[in-house]
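I opened the model to look up a few items in order. The entries below follow the way I went through them.

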Amino acid sequence: MAQFVDWDLAAATAGALGKSGPRVSYDEATEVVSELRRLTDEAAGHVLAYTGLRSQVAHPPVRVVDRRDWAATNIAGLREVITPLISRISGDKPPGVITDTIGSRLTGVQAGTVLAYLSGRVLGQYEVFSADPGQLLLVAPNIVEVERKLQADPRDFRLWVCLHEVTHRTQFTAVPWMRGHFLGEVQAFVDASQAGGDNFLDRIRRGVGTLSDSIRNPESRASVLDIVQTPGQRAVLDRLTALMTLLEGHAEFVMDGVGPEVIPSVESIRAKFNRRRESGNPLEKAIRKLLGVDVKMRQYAEGRKFVHGVVDRVGMEGFNRIFSSPLTLPRLEELSDPDAWVARVHGPVGPVAATG
């Protein structure tokens with residue numbers, strides 16, 4: 001079968017290029033790990049009480065990881081998903097020796113470079129590729145580094161992060177079809193390129209290369225979206241964008257909704273954190289734009305505004321109908337028009353019902 005990525009080389013590259021974390025003593029590191037685990041359990045109770053969403057499937061406990069472990073876990077997850085997809089596209093036709101060896105190594109280095117960069121920025125993640133129903137990861141060095149830069153109260157900041165990430169875990173465990181739906185959309189994205197065959201693999205390689213090159217060259221004007229070339233892919237991308245905007249916005253809404261009750265300094269944390277998101281040197285901004293981090297920032301704001309608008313109109317229980325089935329998820333155009341989603345899913349809503 002075609003070897004699309006040298007995954008071992010990707011992991012080695014990510015480990016070699018990843019930044020070291022902040023200086024902490026062994027006792028401090030032990031305390032951070034212990035507190036993050038405890039605050040994850042505390043956050044789970046708050047998220048359940050606030051959203052009314054209860055996990056329907058068993059899930060593994062939170063994993064508190066360092067940057068290298070985060071990159072390795074994501075590489076393992078991507079390997080689980082991408083390998084069978086590439087096999088399907090290629091029809092298991094063996095590539096030429098040079099194409100297989102050189103191409104897979106190049107892509108491995110490029111993928112490792114991208115993950116090395118991201119490993120220094122991600123605070124937490126609900127990783128769904130490597131296992132069902134997924135696993136919650138908290139990147140301890142990054143959390144400590146950011147809380148120090150923001151001069152935030154450590155306990156408050158850590159709980160705030162846990163609220164966001166536990167909400168993501170709840171989305172995938174209280175809504176058992178969510179993971180399958182998400183992976184199905186990824187599959188649909190690949191299927192939409194089937195007519196391109198090997199050309200699609202070339203485009204993916206160029207896309208990964210674009211990310212890697214731009215990390216080294218901030219003057220690059222290339223965009224990773226260049227790999228999206230077919231109308232079918234664009235349609236799937238619209239659905240994925242709508243889904244991710246919903247999930248990110250919902251997590252933001254919950255963390256800020258719960259925050260004032262259990263995190264005394266939440267307003268200060270939010271203000272400082274937003275400024276951090278918007279700041280950055282020119283190189284950082286160029287990389288964020290290319291990697292889609294800027295898009296993710298807009299997803300946070302747009303998604304939070306959509307969720308707030310729906311909850312204002314139909315209450316939390318009415319909002320939760322959004323998770324009834326894939327058909328009740330918001331369409332891309334509805335994210336800027338909560339009334340349109342409410343009308344489609346709930347029908348006409350009077351002023352009394354809207355107070356929820």
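**Helix pair.** I began with α7 and α9, which are roughly antiparallel to each other because their angle falls in that class (under 35 degrees is roughly parallel, over 145 roughly antiparallel, 65 to 115 roughly perpendicular, the rest oblique). The axes of α7 (residues 178-191) and α9 (residues 231-262) come within 9 Å and cross at roughly 150 degrees. For the axes I used lines fitted to C-alpha atoms, for helices over the stretch in contact, with angles from 0 to 180 degrees between N-to-C directions. I noted the crossing of α7 and α9 as left-handed, that is, the near helix is turned anticlockwise from the far one by less than a right angle, clockwise being right-handed.

I then listed who makes the contact (heavy atoms within 4.5 Å). From α7 these are Met-178, His-181, Phe-182, Glu-185, Ala-188 and Phe-189, and from α9 Gln-233, Val-236, Arg-239, Leu-240, Leu-243, Met-244 and Leu-247. By class, the contact of α7 with α9 has nine nonpolar, two polar and two charged residues (nonpolar: Ala, Val, Leu, Ile, Met, Phe, Trp, Tyr, Cys and Pro; charged: Asp, Glu, Lys and Arg; polar: the others, Gly among them).

**Basis.** I am working on a predicted model, in which local features need pLDDT of at least 70, side-chain atom pairs count only at pLDDT 80 or more, and totals for chains, interfaces and linings use all residues. Residues are numbered from 1 along each chain as its sequence is written, and side-chain values use heavy atoms, with hydrogens and water left out.

**Whole chain.** I found 14 helices and three strands in the chain; these are DSSP runs numbered from the N terminus (helices H or I, at least four residues; strands E, at least two). Of the 356 residues, 49% count as buried (buried is under 20% relative accessible area, exposed over 50%, partly exposed in between, with a 1.4 Å probe and protein chains only). Taking contacts between residues at least 6 apart in sequence, I noted that 80% join residues at least 24 apart.

**Sheet.** The three strands form an open sheet in the order β1-β3-β2, with mixed pairing (two strands pair if DSSP finds at least two bridges between them). Its edge strands are β1 (63-65) and β2 (124-127), each pairing on one side only. On average, neighbouring strands are turned by 25 degrees against each other, direction ignored.

I followed β2 and β3 (residues 135-139), which pair in the antiparallel sense over four bridges. Glu-127 has Gln-135 of β3 as its bridge partner, and Gly-124 has Leu-138 of β3. Gly-124 and Tyr-126 point one way from β2, Gln-125 and Glu-127 the other way, and all are buried. Helix α5 (residues 140-150) lies across β1 and β3, at about 45 degrees to β3.

**Backbone.** Most residues other than glycine have a negative phi, and most peptide bonds are trans. I looked up two exceptions. The bond from Asp-132 to Pro-133 is cis, with omega near 10 degrees, and Pro-133 is in the loop between β2 and β3. Gln-151 has a positive phi, near 55 degrees, and lies in the loop between α5 and α6 (154-173). Gln-151 is exposed because its relative accessible area is 69%.

**Glu-42.** My last entry is a residue of α2 (residues 26-51), Glu-42. At 24% relative accessibility, Glu-42 counts as partly exposed. Leaving out residues up to four places away in sequence, Glu-42 touches Arg-155 and Leu-159. Glu-42 and Leu-159 are 117 residues apart in sequence, but 8.1 Å apart in space, C-alpha to C-alpha.
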